[in-house]
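Please read it alongside the sequence and the coordinates shown here.

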Amino acid sequence: MLANELESRSVKAEIETFTKAESFFYCHGKKPFSAIFLDLDMPEMTGFEVARQLGQNGNCFVIFVTSHQELVYDSFNFRPLNFICKDPDADVMKDRLHMVAGQLTDALKQEKTVVLENREQGRISVKLRDVTYIESNSHSIIYHFANNKDTIAVRDSIGEIEEAYRKFDFIRVHKKYIVNLKYVFNISRSNETVIFKSGSELPMSRGYKNAVDDALTEYLRRK
């Protein structure tokens, strides 16, 4: 069912199955998985125990799958992407998986790695999910990151970046700024600003206002 869902969304994926946590962790250690559909009832280690160990060994999206609906609230401690309750009705399961596959496809968009290069720092690989906004400053493009990472300045065109990153949920808000919708809380039409979840703000040009509003609304609906 998952393979069919991803194929219908033109997502190329390698899918592997495991019945023991030990063999899963061995493979995950050699080549980390992007997402894991994790049953809660398993021999040796429960799904929650696997998720707890995953939290200590790198990032990946976790979707819990179980017939125990009463455990859905306990799963929140592990911040899963979602929780699928098993159902004997195949159509119901397909509907649930369809919704989660949509969320996963959106989330995986920003797993894309880009290589930035400048004279001072050389080549640096970054994931788009870590970029909060991109700024045009004179002849440089400056990447700003979450978690107070250092900025990276490169030679590039903000117009070309706008086109390249649009499909990854980045939107132009000003002649100088492109923002990652993942970090946007709202926009202020009266003040003409973009408000980030962190509380910081950036100016928004009047000409971009409607496009930004539409893009943010569509993004929030998908989420």
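E162 forms a salt bridge with R166, and the closest N and O atoms of this pair are 3.4 Å apart. The model is a predicted one, and a search of the whole structure finds 15 salt bridges, of which some are described below.

**The network around E162**

- The bridge between E162 and R166 belongs to a network of salt bridges in which E162, E163, R166 and R172 are linked.
- E162 has a relative accessible area of 18%, and therefore counts as buried, because that class covers values under 20%.
- R166, by contrast, has a relative accessibility of 40% and so counts as partly exposed.

- E14 and K31 form a salt bridge whose closest N and O atoms are 3.6 Å apart.
- This pair links distant parts of the chain, 17 residues apart, with E14 in the loop between α1 (2-8) and α2 (21-30) and K31 in the loop between α2 and β1 (35-39).
- Both E14 and K31 are exposed.

**The pair E117 and R123**

- The side chains of E117 and R123 meet in a salt bridge, with an N to O distance of 3.5 Å.
- E117 counts as partly exposed because its relative accessibility is 48%, a value that falls between the buried limit of 20% and the exposed limit of 50%.
- R123 has a relative accessibility of 67% and therefore counts as exposed, the class for values over 50%.

Note on methods: Residues are numbered from 1 along each chain as its sequence is written. This is a predicted model: local features need pLDDT of at least 70, side-chain atom pairs count only at pLDDT 80 or more; totals for chains, interfaces and linings use all residues. Side-chain values use heavy atoms; hydrogens and water are left out. A salt bridge is a side-chain nitrogen of Lys or Arg within 4 Å of a carboxyl oxygen of Asp or Glu. Helices (H or I, at least four residues) and strands (E, at least two) are DSSP runs, numbered from the N terminus. Buried means under 20% relative accessible area, exposed over 50%, partly exposed in between (1.4 Å probe, protein chains only).
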